[in-house]
Amino acid sequence: MTAPAVMMGPDGRSLTVIGLLRSPTLLRAAYPILGVSGLLGLWWLGGEVIAGNPDTAAFSDFAPGPAFAALGEMLLDGSILEAVVPSLLRVGLGLLWAIVIGLPLGILIGRVPAFRDATHIPFQFLRMVSPLSWMPIAVMTFNTWDAAIVFLITAAAIWPVTFATANGLRKVDPAWFKVARNLGARGWHMLMHIIMPAIAQDVLTGVRLALGVAWIVLVPAEYLGVTSGLGYAINDARDILEYDRLAALVVTIGVLGFALDSICLTLIRRYSWVRG
Amino acid sequence: MTDHGAHILIDTVTHRYRAKSAVVLDAIRVEIQPGQALAIIGRSGCGKSTLLHIIAGLIRPAMGGIYVDGTRINGPSPKWIMMFQQPSLYPWMTVGQNVALGMKFAGTGYSKAKPRVEELLDLVHLGDYINTNVQDLSGGQQQRVALARSLCTSPEVLLLDEPFSALDAFTRAALRRDVRAIAKDLGITLVLVTHDIDEAVIMADRALVMDANPGRVRADTMIDLPDPRHPADPAVKAERERLMGLFEGTAGLAMDPIQTLPDDEIPDHAMPDTLPRAAGLT
Ligand SMILES: Nc1ncnc2c1ncn2[C@@H]1O[C@H](COP(=O)(O)OP(=O)(O)OP(=O)(O)O)[C@@H](O)[C@H]1O
Ligand SMILES: [Mg+2]
């Protein structure tokens, strides 16, 4: 930074009023508020346009006013919680499987060149197949819809975890392994004290990406079969033409996704040893 | 702590990195006495680091072997520790946890290892830094932590690969003095790879001068100086000149190694490739 954040008076003391107005903290809070207000404004404007056009007036409940009213109702009567809990469970389980399978896979790719070479093409191929295209197979293979949905989420989330782990491992300073080997580290010690902490940040970044993909796959996956969850609730609201509830659900999905992402970000900061 | 360093025998080690590639080390045969400080000097690429990795058990030689106290080694061990130009501390651990790592791998928990960690940090003049993040230390302080970490498992041999070359002159001078004093104190056998003749004269009891392509021992000479050694001391300066002469000799292109050395300065074990194979073996 070249420009001083706080102006200095002639006697060397800071001019606090000017300083406050130019405070970077205040500015930092101002921009996000501006952005969120902009989004709400656009939403409101869209609602007005829809309401003003006789062809689309039936959808006018999409506007922020009715949507937030519906959200309040749904929070009170517990129907939001009813939709959110099964969805969170499915995403959580899918993510857990993605980590349980993807992490060792990534370590193998990063540490065993033969494994990396053998799996490169198959994995890149599988990664490029939209997870939703496994839907028919998942439905045939698994006994319950729930299991099929968890499988689809796993299929989507596993690649970011795997590749982030492998990538993190490739960046690790080889001298760290040499020193640890010299100090007597074998198998388990090497994994727990050297490899895992060294790649923790990369793995968590992979998990964060995976969560984003899982959250996106969740809703379309829940359109089918199941009778619970956010995707089901959206479909249901559309079928009974309750557009205010539909909009409230969309807001819920966005807010929850944002919250989950923030948790990941906090974890990344917590386990990161990289100096920014 | 260690009360004796190990005896090391480099038994006719020949090494190439791949079956068809050039010979990096050619029939190196050196015996190092317990507690001796040996410097290996040579031009870049003559195989010094390779030789040190082989002694540490981090690389298997293509031919020959390393014997530590008469036992052939077949892998790395906390009893012979190597230190590198970079300290390679683990940034997710504190100074104390870094130092305790070798003990942790041996099954000793941090709280039990702590008294020894504190003792070692005092030894390297970093007593107040046990809970510091290693990323907050200067390069010289980091290298001191790496030294304490290397000493934590009570090694019998310390192998240093240009450990001070990334440091400023003051820090380097202090560390040279300290490492030699610590090694002598603990009786550890020291093998030091360096580009720097001064470093060899200040730190070593004996110097090997190596030739490149293929790596061979060109000269093997004792550095007989009292401690402490100061760079400005005339005796130290004279040794430096003498070593420089030997070193320049190795740079000569077609010179016969015997002719580059005054006769009285060639130790009888100076030319491993001219010695009978079994000499010095027990
Ligand atoms: N991992 C490796 N694979 C193949 N060749 C190698 C490897 N490491 C070193 N070499 C080759 O072996 C020779 C000796 O290398 P080495 O690193 O031992 O030299 P050095 O004396 O330590 O050099 P410097 O003073 O520059 O550190 C060099 O020709 C180098 O190219
Ligand atoms: Mg080297």
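Reader: With which residue does Asp26(B) form a salt bridge, and how far apart are the closest N and O atoms?

Author: This is a predicted model, in which local features need pLDDT of at least 70 and side-chain atom pairs count only at pLDDT 80 or more, while totals for chains, interfaces and linings use all residues. Residues are numbered from 1 along each chain as its sequence is written, chains are lettered from A and ligands numbered from 1 in the order in which they are written, and side-chain values use heavy atoms, with hydrogens and water left out. A salt bridge is a side-chain nitrogen of Lys or Arg within 4 Å of a carboxyl oxygen of Asp or Glu. By that rule the partner of Asp26(B) is Arg216(B), and the closest N and O atoms are 2.7 Å apart.

Reader: How many residues apart in sequence are the parts that this pair ties together?

Author: Helices (H or I, at least four residues) and strands (E, at least two) are DSSP runs, numbered from the N terminus. Asp26(B) lies in strand β2 (residues 25-32) of chain B and Arg216(B) in strand β10 (residues 216-222) of chain B, so the parts tied together are separated in sequence by 190 residues.

Reader: Which residues does a cis peptide bond join at Pro214(B), and where is that proline?

Author: The bond joins Asn213(B) and Pro214(B), with omega about -5°. As for its place, Pro214(B) is in the loop between β9 (206-211) and β10 of chain B.

Reader: Which residue does a cis peptide bond join to Asp227(B)?

Author: The loop to look at is the one between β10 and α8 (234-251) of chain B. There, with omega at about -10°, the residue joined to Asp227(B) is Pro228(B).

Reader: How do the axes of α3(A) and α11(A) lie relative to each other, and which classes of residue make their contact?

Author: Axes are lines fitted to C-alpha atoms, for helices over the stretch in contact, and angles run from 0 to 180 degrees between N-to-C directions. The axes of helix α3 (residues 64-77) of chain A and helix α11 (residues 243-271) of chain A come within 8 Å and cross at roughly 75°, which makes α3(A) roughly perpendicular to α11(A), since angles under 35 degrees count as roughly parallel, over 145 as roughly antiparallel, 65 to 115 as roughly perpendicular and the rest as oblique. Ala, Val, Leu, Ile, Met, Phe, Trp, Tyr, Cys and Pro count as nonpolar, Asp, Glu, Lys and Arg as charged, and the others, Gly among them, as polar. The contact (heavy atoms within 4.5 Å) has ten nonpolar, one polar and two charged residues.

Reader: Are α4(A) and α5(A) parallel or oblique to each other?

Author: Helix α4 (residues 79-111) of chain A and helix α5 (residues 113-128) of chain A have axes 6 Å apart and pack at an angle of about 120°. Among the residues that meet are Leu105(A) and Leu108(A) in α4(A) and Phe115(A) and Phe123(A) in α5(A). The two helices are therefore oblique.

Reader: How much area do chain A and chain B bury between them?

Author: Contact joins 19 residues of chain A with 23 residues of chain B. Buried area is the accessible area (1.4 Å probe) that two parts lose on being put together, summed over both. Of this area 63% is on carbon and sulfur atoms, and the total is about 2000 Å².

Reader: Which element gives the largest share of the side of chain A that touches chain B?

Author: Across this interface the rule finds zero salt bridges. The elements that give two or more residues to this side are α8 (174-182) and α9 (187-222) of chain A. The largest share, seven residues, comes from α8(A).
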